[in-house]
Amino acid sequence: MPLMKRITFLFVILLFTSCEYFEKKKVYTDDLLQEELKTFNWNEVDTYPTFEACEQVTDKVASKRCFQQVVLQHVNQYLKDQHLVVTTSVNDTINLSLAINHQGQIEVQNIKSKEETERAIPHIDSLLRESVMTLPKIYPAIKRGQQVKTVFKLPIVVKITE
């Protein structure tokens, strides 16, 4: 009988200690979401904003370059069509900061140019804003299947001689 008591005793101990192995841990979706959000690189998107003219470009870097080229060409052509007349030569690189929201709407956030440029072309800010507003339809950037806001800084070279 002592053997039977030992087996029963071991069985009871084993039963109480092994219950934890059968216990299911509850996983909270909020905890999973927070962990996943920590791993995101919020400064990168899966696909950059694009225009119809760039839709065939599949490479991410080439897509970004295409988007920037379309904006730059459009803005430069718009400024060229204005037939600006200046009394002093202008040679400046204007830094244009643009935001494209999750719906593809574009907004000029900031324009930085030299004081000489602003004196030579007092309405350069409004011309740049108008040129951006006449861009073709923009398809917003995508991050993990969601349309997201992005910000671009573009250099606009303005070179006008007297």
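Q: At what angle do the axes of helix H3 and helix H5 cross?
A: In this predicted model, local features need pLDDT of at least 70 and side-chain atom pairs count only at pLDDT 80 or more, while totals for chains, interfaces and linings use all residues. Residues are numbered from 1 along each chain as its sequence is written, and side-chain values use heavy atoms, with hydrogens and water left out. Helix H3 covers residues 60-81 and helix H5 residues 124-133, both being DSSP runs numbered from the N terminus (helices, H or I, of at least four residues; strands, E, of at least two). Their axes, lines fitted to C-alpha atoms over the stretch in contact with angles from 0 to 180 degrees between N-to-C directions, come within 9 Å and cross at roughly 125°.

Q: Which word describes how H3 and H5 lie to each other?
A: Angles under 35 degrees count as roughly parallel, over 145 as roughly antiparallel, 65 to 115 as roughly perpendicular and the rest as oblique. With their axes crossing at roughly 125°, H3 and H5 are therefore oblique.

Q: Which residues of H5 make the contact with H3?
A: Contact means heavy atoms within 4.5 Å. On the side of H3, the contact is made by His74, Val75, Tyr78 and Leu79. On the side of H5, the residues are Ile124, Leu127, Leu128, Glu130, Ser131 and Val132.

Q: What is the relative accessible area of leucine 154?
A: Leucine 154 lies in strand E5, which covers residues 150-160. Leaving aside its neighbours within four places in sequence, leucine 154 is in contact with Gln68, Val71, Leu72, Ile94, Asn95, Leu96 and Leu98. Leucine 154 is buried, and its relative accessible area is 2%.

Q: How far apart in space are leucine 154 and serine 97?
A: In sequence, leucine 154 and serine 97 are 57 residues apart. In space, C-alpha to C-alpha, the distance between leucine 154 and serine 97 is 6.4 Å.

Q: What pattern does the protein follow along the sequence?
A: The protein has 5 helices and 5 strands, and buried residues make up 30% of its 162 residues. Among contacts between residues at least 6 apart in sequence, 73% join residues at least 24 apart. Read along the sequence, the pattern is α-α-α-β-β-α-α-β-β-β.

Note on methods
Buried < 20%, exposed > 50% of the residue type's maximum accessible area, 1.4 Å probe, protein only.
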